[in-house]
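Visitor: Hello! I am new to this structure and would like to learn how to read it. Could you walk me through a few features?

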Amino acid sequence: MDAAHPEQLAEVREDAGVQQRRAAAQAHRERVRETLVAADPDGWVVIDPALSASARAAATISACEAGAARIWGGLLPQEPDTGRRGGAEILLRDARGGYIPVIVVNHKVTDPRRPEPAEFHPLTSDLFAWEPVPDRARKLRQQPRDQQRLAHVYRMLERRGLAPSSPVGGVIGFHFDRILVHDLTSVLADYDSRFADRIAVVRGQVETVPSKVPECRQCIWWNRGAEGGCQAWLNEHRDVSVVAPGSRAEVLRGHGVRTIDELAAWSGPEPEDWQHGPFEEAVVTARAWLVDAPLVRRFGQVWVRRADVEVDVDLESYQEDGAYLWGTLLDGEYKAFVTWDPLPTEDEGRSFAEFWTWLMEIRAQTVAAGRTFAAYCYSRSAEDKWLYESARRFAGRPGVPTAAQVTEFVDSIQWVDMFQAVTDQFICPSGKGLKKIAPVAGFAWRDPEAGGEASMSWYRRAVGYDDDPDLTQRTRLLEYNEDDVRATAVLREWMNPRTPREHSADREVPALSDFAAAPGAPTDLWTSPAQA
């Protein structure tokens with residue numbers, strides 16, 4: 001789409017979240033460069049990034065031909081015939097000839113682990129000397145994109161006769177403590193196939209049509225382009241990927257199912273190669289989409305754990321720098337534990353300790369009074385991550401829990417993930433995000449731009465990363481966080497009200513059994529808000 005419609009890109013404003021991630025990645029690369037070059041200034045050739053692309057490529061080749069030991073910012077000559085272009089942050093001279101590509105990324109590539117026997121130990125190398133050894137203290141994070149990029153650069157080096165003696169490459173990740181070493185032997189064939197496919201698409205040699213995949217939600221072409229973009233095209237053609245995205249759609253197309261209507265009409269046995277959960281749910285999702293039902297009850301009665309004392313929790317973080325805000329809701333009162341010192345900051349430990357101490361005091365008082373307690377979040381992965389990260393980073397400070405105390409809490413029945421409850425109780429044809437589900441329960445956010453990506457931009461202005469702090473953005477972030485915890489509370493009460501009420505999931509959401517029949521019968525089961 002970029003190649004076919006470049007004129008439409010001129011008006012595109014890059015997403016603020018993407019801009020910030022790019023800026024953070026650039027800052028990370030600069031920190032790595034400054035640290036490595038400072039350790040051995042005479043051992044590096046630094047390619048001037050201000051040069052034109054052709055000049056940078058010429059300087060890189062010249063440095064390689066001169067036998068430079070380490071090259072920073074290397075760019076290889078473009079290949080008009082293959083379509084390849086690119087380079088690597090670091091090119092390390094291989095003692096046996098050629099150059100080893102090393103890329104610098106702003107995401108985690110390994111996780112720590114206690115040294116123990118394992119079937120596989122990743123290879124890592126010292127930052128200042130290429131000496132790969134099995135690393136028993138780390139476990140690998142799967143990042144296929146890194147290996148694909150290394151394979152791309154390897155092929156470009158290979159063409160110039162500059163490939164290393166064996167197909168290897170390295171990655172310096174977010175923690176900047178070791179170089180993760182990748183053997184590219186098993187990656188190259190897959191890379192070649194993927195690249196050939198993509199270059200054929202770009203050159204118009206392969207006819208393509210849209211198909212929904214998870215990345216579509218962040219793609220500029222989702223609602224832009226001819227006839228309203230991919231979303232409009234998919235809906236108009238009732239493409240099966242709308243309700244069965246990604247590899248699900250590929251499986252279904254292999255069985256002749258290309259439209260939502262065809263999936264909704266399925267009456268045979270489950271396909272043998274279906275590996276995406278109960279096939280019945282895929283069929284019901286299609287049938288629900290046809291009648292504009294945003295949710296379908298799996299059971300006769302919707303249930304979520306309730307307690308005498310309930311606290312809703314939501315955090316706000318900024319990239320990998322930390323969690324600056326822990327918002328809570330108790331008995332209808334919002335309480336925020338926040339630091340407005342720009343992350344990363346030691347003051348984050350103070351706000352986290354205050355949050356944890358308050359939450360554990362409410363928990364202990366409730367249990368001591370013989371009452372039940374539960375804390376609720378929506379999609380616990382973020383909360384769990386920052387509970388553990390904060391406990392690790394601020395260990396030993398007053399009020400900061402140990403990792404064992406965090407584990408005891410998050411593994412208990414008192415920590416309830418409302419996202420999991422929604423997953424367990426409903427089929428969701430339109431998605432399971434809080435912004436999708438809570439409006440069905442009757443909740444609305446005050447800020448129409450509320451969302452995780454937007455909050456990144458608000459935070460930068462709130463703490464003054466680029467200018468003086470904007471206090472209005474602090475208010476905006478607090479209201480956004482408050483609305484998130486209130487949305488979770490509204491959703492819980494709608495799913496499992498304490499007293500019978502008309503406005504509840506049991507009364508308003510059609511059941512799985514209502515869609516047992518093929519299309520034709522269920523059109524009167526659901527009235528959309530627009531129809532109402």
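Visitor: Let me begin with a side-chain pair: in what kind of contact do the side chains of D483 and R446 meet?

Guide: Welcome! Please keep in mind that this is a predicted model. D483 and R446 meet in a salt bridge, with N and O 3.0 Å apart. D483 belongs to helix α15, while R446 sits in the loop between α13 and α14, so this pair ties together parts that are 37 residues apart in sequence.

Visitor: Is D483 buried or exposed?

Guide: Relative accessibility is the value to look at, and buried means under 20%. D483 has 5%, so it counts as buried. R446, at 47%, counts as partly exposed.

Visitor: Which other residue forms a salt bridge with R446?

Guide: That is E482, where the closest N and O atoms are 3.4 Å apart. E482 lies in helix α15 and R446 in the loop between α13 (434-437) and α14 (452-463), so here the parts tied together are 36 residues apart in sequence. E482 is buried, with a relative accessible area of 17%.

Visitor: How many salt bridges does a search of the whole structure find?

Guide: The search finds 39. Another example is the pair E320 and K385, whose side chains meet at 2.9 Å, N to O. E320 is in the loop between β12 and β13 and K385 is in helix α10 (residues 380-393), so the bridge ties together parts 65 residues apart in sequence. E320 is partly exposed at 27% relative accessibility, and K385 is partly exposed at 29%.

Visitor: How many bridges join β13 to β14?

Guide: Six bridges join them, and the two strands run antiparallel. As a landmark, look for T328, which stands opposite K335 in β14.

Visitor: Now a helix by itself: which residues are buried in α6?

Guide: An α-helix has 3.6 residues a turn, so residues three or four places apart point the same way. In α6 (residues 247-254), the buried residues are A249, V251, L252 and R253. Their cover includes α7 (260-264) and α8 (279-290). After α6 comes G256, with a positive phi near 80 degrees.

Visitor: Lastly, what is the average pLDDT of the protein?

Guide: The average is 91, and 95% of the residues score at least 70. Over residues 521-532, however, the pLDDT is below 50. Beyond near neighbours in sequence, that stretch has 16 contacts in the model.

Definitions and conventions:
Residues numbered from 1 in each chain as written. Heavy atoms only, no water. Pairing = 2+ DSSP bridges. Helix = DSSP H or I, 4+ residues; strand = E, 2+ residues; numbered from the N terminus. pLDDT = per-residue confidence, 0-100. Contact = heavy atoms within 4.5 Å. Salt bridge = Lys/Arg side-chain N within 4 Å of Asp/Glu carboxyl O. Buried < 20%, exposed > 50% of the residue type's maximum accessible area, 1.4 Å probe, protein only.
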